[in-house]
Amino acid sequence: VTHDLRGLVSGIASTEVVTRDDLPHEPLTDDEWARLVALVRIQRLEPQLSSAVVSGALGATSPQRSEAERLHASAMARCLLLDRSLLHVADRLDEVDIPFVVLKGPAVAHLDHPDPARRSYGDLDLLIAPTHLEATGELLGAIGGTRAYMEPRAGYDRRFGKGMAFRIGGDLEIDVHRTLTLGPFGLAIDLDQLDAHHDTLVIGRRRLRALDRPRRFLHACYHAVLGRADVRFVPLLDVVRCAPASESELQVVISLSKAWRADVVVETAVEAAVARLGWLPSASMVAALDELRPTAQQRRWLDAYRGPRRSSARLTLSGVTAIDGWRDRVDYLRAILWPSNRGGGDAVRRLARGARALTDRR
Amino acid sequence: VGQSFPPDKPISARSDVLGIWVDGVHVLYDPTRERAHVLNPTAATIWGMIDQPVTASSLTNQLAQELSIKPEVLRADVTSAVSTFASLGLLEDGAVSRHANAVGRAGPEPPIGSSGVRTATFSVIDQLVAFAVRDREAAEAINWLGAPLVTDASPTTVHAVDSSGASLRLFPTMLNRFATLTDRMVVLHAGAVVAGETVIAIAGAPNAGKSTLVTALVAAGLGYASDEAIGITTGELRVVGYPKRITLELGSWPLFPELAEDAGAAHQAFDPSRVRWIDVRSHWPDALAWQHSRPRLGLVVVPRYEPGAAVRVERLEPVAAFTELLGCAFNLPRVGLDGLETLRDIAEQVPVHRLTHGDARLAAPKVVNLLSGGGGATGHERLRRRPDVLSRRVASGVVLLTNEATDVFEVTGPGADMWELLARAVTFDELVARLAEDYETSPTVVRRDLEPVLTELRRLDAIEVLK
């Protein structure tokens, strides 16, 4: 028997949401198992694979079961090291009075899962106010961080960028976010609204700020729909885990989706979670989602992220239409078309060339 | 109390005196006099206020203001504390040079040279040392004595040794002193044996019976790290051995009949009338196999030999353990505050026991039991996870990460269930009873399974004992 391994990965992910009795009960061949493990690791679904095997939902030989357990333990070891790094960085940010909000992995693991061991993650994401971005970059540089790409022009990060990405040592990646995503959807987010309400997560003895649940849900939607072209199950699971749990949370989600022109993002994310994971949203959520009205502009934006002609240049140019005010638009275009920062490296230069090529064609 | 001190004389703390908090108690270490002082809370407060020049009078007023009480209530206490600091030589008064400890306890400083016959290179903690002597016989004698320490590495220093008969007899002592020269880690005057990944240090003054107890433990199957000195790294408390020949007093010889054939193994160049030098490799070939790992310190035993005494064990509280360790530290003036902090970490994290015995071979099993004996926890102490230890439950057990560890640890089996129960304060006896019920097995079996796990968790500083 040859199995559809990508379908099987989808099935394993969905065990987090629904009971599955249609996964293979007979162990996979060693070759198939090895390929399945590789896909699971890419998708960071180690907890779901382990529980599917241990519960018997997915048949496995004894060595396969041991490997599944080992994968889960290793993934959680990585998460513990990330949590501790988060605490160290948090201390440093506190020392210089930079407020921050913990995003994604650690926040969802500790706040939205009954057991944080059900959520695997591989980096840290922090939301920082635009006025503190530069100081945060300096701080992370001072503790050994290397920035992945530089801003194209001075002030771009603070005004238009998604944020900054740093690597510290060999393993630790920290994404510093100004907003939740790249491109027009990120530029359309009102940062004051984004940072308006928080939940508290506790790691060790330490209390840290996270977005409140409606905003975590929206972030999961952005991540699931706009993060990558291929299907990523962990963000989809986050959509399910962070789904609004009350009428008031639903209203916040609808209100912010409209304000941030993200109706199409939420609609697409929920549809994907339903289709890929077999999720059944509550009746009140389905009713609330009916209030979403994706516009033609939103669909064009979405196409820049996911369509067949997607590219970084196209995505960046689409951002112009999300910026209010002609002067800001000019500054934005000047920054991406004619970057002045020679330290920006190949990525920035390629982006500028691509963007200019697109504008020439138009 | 009641000592007088001129109220307007400027005073300030000697800047070379090191202070450290151990288990909530402030301890000062004077590296020049090599003395430690345990301060009560009042003295600790006053010491913290004299890092800048003040007078006893202004100090009294300042403290009174901070405490919102009248100066006259405090004056006697402040004066008493200041006079005590002065009498102990802890104040800047010119009587003690603050730079005296820059030289500290001198190590061997013979003339360096390369003339004559060169010995092999010996690894002594982190020193690579060779010796230049006048004749081949002296070189052979030194090579014989240092045989277990020989390395292929090139020496970082070559020391000329007076190899005349009387001087050569002092060579074993001189070699030991190279162990104290490192400034990269604290060196304890201690023997050490290795059980798995864990080192048991046998610490104490000369003639405390370290070598005899170490020999008994090695004979019982443990690895051999030293009978004289070990280095301990800062932070991780990993042990660097100095596995020289064991120096065994002739009086201890009857305890080890298996060594009888080695009774003549003494080099006439040294003093064979009092001791024998045992190469552990000749009797216990696996005794040095641990050297391929980087074991950590897991237990400290401070032995005391009393002829005819039964074996008695007493766990030392952290402050008492710290002061005991201070007395065993060879190179504190060289390593300074890092060394002091290492000793503090040992005192707070590693069980330290005083062991009184009249027979090393009877004491050895007790020492091994201490290592696996519930980490020193009595059945009545209330234990709890440290709140800052991060952990996740997984199918195979629990993975956990302490604040300082570089590695994530995994606890499996009943140990993982114990970790779950340790989310709340609980005694070891209660843990055993609860898990015996869950596993439907005898408490004896559960206790035997859990004790090593608890020992390891305590060594990792993952558990706190609630007072």
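These legends describe several close-up views of a predicted model.

**View 1. The interface of chain A and chain B.** In this predicted model, 21 residues of chain A are in contact with 19 residues of chain B. Three residues, Leu80(A), Arg84(A) and Arg205(A), account for 41% of the area that chain A buries against chain B, more than any other three residues. The area buried between the two chains is about 1600 Å², and carbon and sulfur atoms give 62% of that area. The size of an interface is often given in this way, as the accessible area lost when the parts come together. The model scores ipTM 0.83 and pTM 0.55.

View 2. On the side of chain A that touches chain B, the elements giving two or more residues are α3 (46-54) and α4 (62-95) of chain A. Helix α4(A) gives the largest share of that side, 11 residues. Sorted by class, the side of chain A that touches chain B holds 11 nonpolar, 4 polar and 6 charged residues. The rule finds 3 salt bridges across the interface of chain A and chain B. In a salt bridge between the chains, the side chain of Arg205(A) meets that of Asp388(B), at 4.0 Å from N to O.

View 3. Helix α1(A) spans residues 5-14 and is mostly covered, with 8 of its 10 residues buried. The buried residues are Leu5(A), Leu8(A), Val9(A), Ser10(A), Gly11(A), Ile12(A), Ala13(A) and Ser14(A). The elements that cover the buried residues of α1(A) include α2 (30-43), α3, α11 (233-241) and α13 (263-277) of chain A. At the start of α1(A), a side-chain oxygen of Asp4(A) comes to within 3.3 Å of the backbone nitrogen of Arg6(A).

View 4. Side chains of opposite charge can pair when their charged atoms come close. Glu95(A) and Arg92(A) form a salt bridge through their side chains, at 3.4 Å from N to O. Both residues lie in helix α4 of chain A, 3 residues apart, about one turn of the helix. Glu95(A) is exposed, with a relative accessible area of 59%. Arg92(A) counts as partly exposed, at 34% relative accessibility.

View 5. The side chains of Asp30(B) and Arg14(B) meet in a salt bridge of 2.9 Å, N to O. Asp30(B) belongs to strand β3 (residues 25-30) of chain B, while Arg14(B) sits in the loop between β1 (10-11) and β2 (18-22) of chain B. The two residues are 16 residues apart, and the pair links distant parts of the chain. Asp30(B) and Arg14(B) are both buried.

**View 6. A strand and a helix of chain B joined by a salt bridge.** Arg354(B) and Glu324(B) meet through their side chains in a salt bridge, at 2.5 Å from N to O. Arg354(B) lies in strand β20 (residues 352-357) of chain B and Glu324(B) in helix α10 (residues 318-328) of chain B, so the pair ties together parts that are 30 residues apart in sequence. Glu324(B) is partly exposed, with a relative accessible area of 23%.

**View 7. A salt-bridge network in chain A.** Over all chains, the rule counts 42 salt bridges. Salt bridges that share partners join Asp112(A), Asp199(A), Arg213(A), Arg216(A) and Glu249(A) into one network.

View 8. Chain B has 15 helices and 26 strands. Of its 467 residues, 52% are buried. Among contacts in chain B between residues at least 6 apart in sequence, 70% join residues at least 24 apart. The average pLDDT of chain B is 83, and 90% of the residues score at least 70. Among the elements of chain B, strand β14 (residues 229-232) has the highest mean pLDDT, 96, and helix α4 (residues 100-103) of chain B the lowest, 31. Over residues 94-114 of chain B, pLDDT stays under 50. For those residues the model has 41 contacts beyond four places in sequence.

Notes
Residues numbered from 1 in each chain as written. Chains lettered and ligands numbered in written order. Predicted model: local features only at pLDDT ≥ 70, side-chain atom pairs only at ≥ 80, totals over all residues. Heavy atoms only, no water. Contact = heavy atoms within 4.5 Å. Buried area = accessible area lost by both parts, 1.4 Å probe. Helix = DSSP H or I, 4+ residues; strand = E, 2+ residues; numbered from the N terminus. Nonpolar A, V, L, I, M, F, W, Y, C, P; charged D, E, K, R; others polar. Buried < 20%, exposed > 50% of the residue type's maximum accessible area, 1.4 Å probe, protein only. Polar contact = N/O pair within 3.5 Å; in protein donor to acceptor, adjacent residues only side chain to side chain. pLDDT = per-residue confidence, 0-100.
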